[in-house]
Amino acid sequence: MNSSPLSPPSATGDDTGQPARMLREARAVLRAESAGLQAMIAAMEDGNADGGGLGAAFIAAVEGIWSGNRRVVVTGMGKSGHIGRKIQATLASTGTPAIFVHPAEASHGDLGMLQKGDAVLAISNSGETAEMADIISHARRFGLLLIAMTARAGSTLAQAADIVLLLPHAPEACPIGLAPTTSSTMQLALGDALAIVLLQRRGFSASDFGIFHPGGRLGTRLRRVRELMHTGTSMPLGPPDMKLRRVIVEMTRKAFGCMGVVDAQGRLLGLITDHDLRLALGRDLDHTLAADIMNSTPQTISPDLLAAEALRVMNDRPRPISSIFALDEGGHVVGILHLHDLLRAGIA
């Protein structure tokens, strides 16, 4: 049993409710768990292929999963199982196929979920979890890559594994040293490290992340301009020789506060805004042309840009803009995005 940095609770409970003591104990828990993470960072310092220890084992685990294009089957019992489910979810959402198999259920048919070529990430602080015996045996029998995450190098799990992610000794934050606290934090952090390094290894991008997170605010912020922009006849467009009188009509009818000036092929030549119109109102409406008052170097975006990035482009100016045209690689207008579109989508 690991010793704990906290004192056992007082038998009398004289001052357990005092705010100062509660905060002191909370800080002690955070320090204990932080110390566990620092110990794990130190254990990773030997992170080269020949150095042995946690660093080399971590590299072997990443390369074993990556080079074999393996799905990861995560398993664990009790608190380690709860941590395992979170690790599995993080792996799956960052591009590494992963499932969680409960070790007790594995013995009653769920071993069929394991496939040839899988990697099994078995999490057990003691390495002696009885319920994991069948899944360990199955992994050995069918030649699956078995990665152990444990704190005991001499445990049954560690001895059976191909790769051992050995957690360094660190006291539990629990005052009686029994409840998994520091050890669970270390397991979770190491699982996050594995998922993120695999993410970077495969070049997983924000757009890839959005594919796996289509719902919620995160999915909304990862939507692209082409999903929100207006296209076709709804766009305010006109040729460079359009008379100012017609420019006013087009801008009023389409209500985007601007008009794109395009050539016969639909390439953007310039932009006229409400501000440009106000400056031109003293001119002859029937002899002044769109080309005479347009801005020939307007800000534009790609339809494949993230909508959140488009918002930054629109705001990151001395005078923020409310509408912006999207162009394809040839400079042709393919859409227009308004600030209201971003507001409706929950991005702005």
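Contact here means heavy atoms within 4.5 Å, and the legends below describe close-up views of a predicted model.

View 1. Five strands make up an open sheet with the order β2-β1-β3-β4-β5, in which the pairing is parallel. The edge strands are β2 and β5 (163-166), and each of these pairs on one side only. On average, neighbouring strands of this sheet are turned by 20° against each other, when direction is ignored. Strand β4, which covers residues 145-150, runs parallel to β5 and is joined to β5 by four bridges, with I147 standing opposite I163 in β5. Helix α7 packs on the sheet, where α7 touches β3 (119-123), β4 and β5, and the direction of α7 makes about 140° with that of β4.

View 2. Strand β1, residues 72-76, is mostly covered, since five of its five residues are buried. In a regular strand the side chains alternate between the two faces of the sheet. In β1 both faces are covered, with V72, V74 and G76 buried on one side and V73 and T75 buried on the other. Strand β2, which consists of residues 98-100, pairs with β1 in the parallel sense over three bridges, and the bridge partner of V74 in β2 is F100.

**View 3. Helix α3 against helix α7.** Helix α3 (residues 79-93) and helix α7 (residues 182-201) pack at an angle of about 15°, and their axes are 9 Å apart. Because angles under 35 degrees count as roughly parallel, α3 is described as roughly parallel to α7. Sorted by class, the residues in the contact of α3 with α7 are six nonpolar, five polar and three charged.

**View 4. Helix α2 against helix α7.** The axis of helix α2, which spans residues 53-67, comes within 10 Å of the axis of α7, and the two cross at roughly 50°. The helices α2 and α7 are therefore oblique to each other, and α2 passes α7 in a right-handed crossing. From α2, the residues L54, F58, A61, V62, E63, I65 and W66 meet L190, A193, L194, V197, L198 and R201 in α7. By class, this contact of α2 with α7 holds 11 nonpolar residues and two charged residues, with no polar residues.

Note on methods. Residues numbered from 1 in each chain as written. Predicted model: local features only at pLDDT ≥ 70, side-chain atom pairs only at ≥ 80, totals over all residues. Heavy atoms only, no water. Axes fitted to C-alpha atoms, helices over the stretch in contact; angles between N-to-C directions. Parallel < 35°, antiparallel > 145°, perpendicular 65-115°, else oblique. Nonpolar A, V, L, I, M, F, W, Y, C, P; charged D, E, K, R; others polar. Left-handed = near helix turned anticlockwise from the far one by under 90°. Buried < 20%, exposed > 50% of the residue type's maximum accessible area, 1.4 Å probe, protein only. Pairing = 2+ DSSP bridges.
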